[in-house]
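My entries follow in the order I looked things up.

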Amino acid sequence: MSELSRVLRYLAAALVLSASLALLAGWWIARSSLPQLDGDASLPELKQEVTVDRDRWGVPRIHAGSLEDLVTAQGYVVAQDRLWQMDLLRRAAAGELSEIFGGTAIEVDRDNRVLGLKAAAEKCVAETDAETRGILQAYARGVNRYIEERRDRLPVEFRVLKYAPRPWTPADSLLVGAYMYKVLTNSWEWELKRERVMQKIGPELARELYVSDSPLDHPIVGNGLATEKFPAEKKPVTAPKQGRSSSSETSAWASATRALQQFEEETEFAFGSNNWVLSGEHTYSGKPLLANDTHLELDVPCIWYMAHLTAPGWNVKGFALPGVPLIIIGHNERIAWGFTNNGADVQDLYVETFNPENPREYKVNGKWVAAEIRKEVIRVKGGANLTLDVAVTRHGPVVHREGTRGYALRWTATDPGGLAFGYPWIGQARNWEEFRAAMRRVTGPAQNAVYADVDGNIGYQVGARIPVRKNGHGEVPVPGDTDEYEWAGFIPFEELPTVFNPPGGIIATANARVIGPEYKHFLTENWMSPYRTDRLYALLDTKQKFRPQDCITIQTDLYSLPHRMLAEHLHKALEKHPPKDVRTRWLIDQFPKWNGRAAASAVEMSLLEFTRRIVRRKILEAKLGDQTMYRWWRSEVFIQNVLRDRPAHWLPPEFANAASASDGYDELLIRSADEAVLELERLSESNKIKQWRWGRFMLLEILHPLARGGFFRRHLSIGPITQSGSSFSVKQSGRSLGPAMRFVADLANLDNSLMNITMGQSGQYLSRHYKDQFPEWYESRGINSTFSDATQEKTRIHRLRLRPTGGAAK
């Protein structure tokens, strides 16, 4: 062996040893941050000992002698598993991400600072009732005890980003809620786009484009024969005339951005959730079944955290938000409840006219008045601080400017008391009346709540502050210099949509229209497409006697109605317009045999989805020039209306020379299908049809915010892997969107209930509960959720005793 070879050999050995030592050090650091699960630990903030049992899935059952001790322990326990996620969520809402990620996070922070969520949360805490404030303070004490005792053993994300969390405050819990509030109600940018579209194509075409009704809707209330859907406007609203118009930290921010922003980027899917409740006439036991799956951003860790909380007056199990006390969705020993987003329009843009001579003044009823200027200082890691001057009018902060025009946002979340702690109080309700009393405390975001109890009752209730407008519906920006478009108050709780024990014994919602023409108030035009709701009723309204696992089967149903409808249009068009590509013809010929399911193996689904996108683009760009001007909750309903009715005015000009408008649409469909085949070939890098299976394009990724590539992605994240489902199937699927949890409550025997989340309870990689639930979630198997004392004891794996004194944290 030559001397050079020997040197290279020794060098290689040294590099392997060095890498091994680095991996060992990394493993030790990650391992040292894992929490104590057994034995005794000291939590001096408690008044009495609290017991924390965990089952094989890491779900804690916290037993305390008082509500105050219960939420103190909950704060401690959730911090054990999710501390970095909690910190990230509060920073996102407060606009404080630049402190840890540097300058690349400034724009996101700027947007959230303008909204003023942190100030709103702090004010809400100061003005809330003493009981609620006490709960928030107790939770914060538990979190802070864990932060303090783990200063030198924080989760690895803190070490990578080289910072430590500041103490938790009661306002931070409301900030986590505010983050979700924004995700579920943010619509002002859509209103700006709608204004542009109305100016581009005029009000008549815009009314067709922004369709709000569908024959497939299943209204829960107000479904009569009245011809007026809502009270007549006192004054029509038209669109106002247009005026003039560190490298590791950077990488970390690029990775984390998707986790924090994709709600907004893919809003069309983010609001998709399902819930339903069946009376005993439809179930195996004669008692109700209630099911819920919330479709949200899929990240590591999951946005939901499961827990069972017991104290005098409380025995509730379900899903909590990390950083928020108590349970949001779940059941106690007497009732169960679940939510889907209602979509109520609680944001309005007011066009303010600013004084060209003094840009800090704006016009109100013919007079110039001074805007409030709120100073916001964004601290930037590795850079200079950034100071913002946020103009705030009588309507709210100015979120967008065009010359002397400023668009001020009024939003229920930032109104006084708008972030009040509401939904978690449901956990102590024991019947329908108490459930409604808890819902009365809710300020938002508006949810479709389904209800069931052990006495056999079922119900539905919306609870939130939903504005009553003097004029218009707020679908486009309105003049801010007059009082004519002010809010006149909120819909009284007693007049919000509600139903109890309806005929038929089925209530189902999936973000589509829930009110019919006889309901007297305007809620929103932001209804999602009705296809999931229609499918739910088709599956539920049968003679089958349902069991809990049957509900999981329904939650994972793959039938995609718009694609089935498009397949029928294409098959009929084939008679007059043969495709240019023989592969297109072969695929369309398969449609009559296709079962309409968006299965990963379905090549038909791939052709239909790509054709759908091309048809949509051609129709919209012919009128708008840029299809991205138009994003609408019911955009697919518009496309289906056009393909059904075939109006000449929506037919793209390139097909206008056809013998008839109907013939032109047939040609549009077939030519779009030909283009789709070429796109499938390009993206799959194969000309073989068998390589175009749907799962190849409908990939699933569940990513850790700091692990989007390389070694860490392989170990910390999931995917890309194939998955089934579509935007319109009950199992609504996107690349990183889908059911973040699944829940079925069996009111005949709560020990038969099912609960699971996407990954696992822990956000720490070396925990056995980091992604132990993923196989059950991915393969559509429900996880049994025990509830009674006897079954809980049988499934207990760990027991930690939290003592006011005398314990020793390990």
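**Backbone and helix notes**

I started with L326, which sits in the loop between β7 (314-320) and β8 (329-332). Helices here are DSSP runs of H or I with at least four residues, strands are runs of E with at least two, and both are numbered from the N terminus. The model is predicted, so I kept in mind that local features need pLDDT of at least 70 and side-chain atom pairs count only at pLDDT 80 or more, while totals for chains, interfaces and linings use all residues. Residues are numbered from 1 along each chain as its sequence is written, and side-chain values use heavy atoms, with hydrogens and water left out.

L326 is not a glycine, yet its phi is positive, at about 70°. Is L326 buried or exposed? L326 is buried, with a relative accessible area of 0%; buried means under 20%, exposed over 50%, and partly exposed in between (1.4 Å probe, protein chains only).

I then looked up K162, also a non-glycine residue with positive phi, near 60°. K162 belongs to the loop between α7 (156-161) and α8. K162 is exposed, at 70% relative accessible area.

Next I checked helix α8 (residues 170-185). Of the 16 residues in α8, 15 are buried.

Last, I listed cis peptide bonds. One runs from V300 to P301, with omega near -5°; P301 is in the loop between β5 (289-297) and β6 (305-311). Another joins G444 and P445, with omega about -5°, and P445 lies in the loop between α13 (432-440) and β17 (447-453).

Key. Expected span 1.5 Å × (residues − 1).
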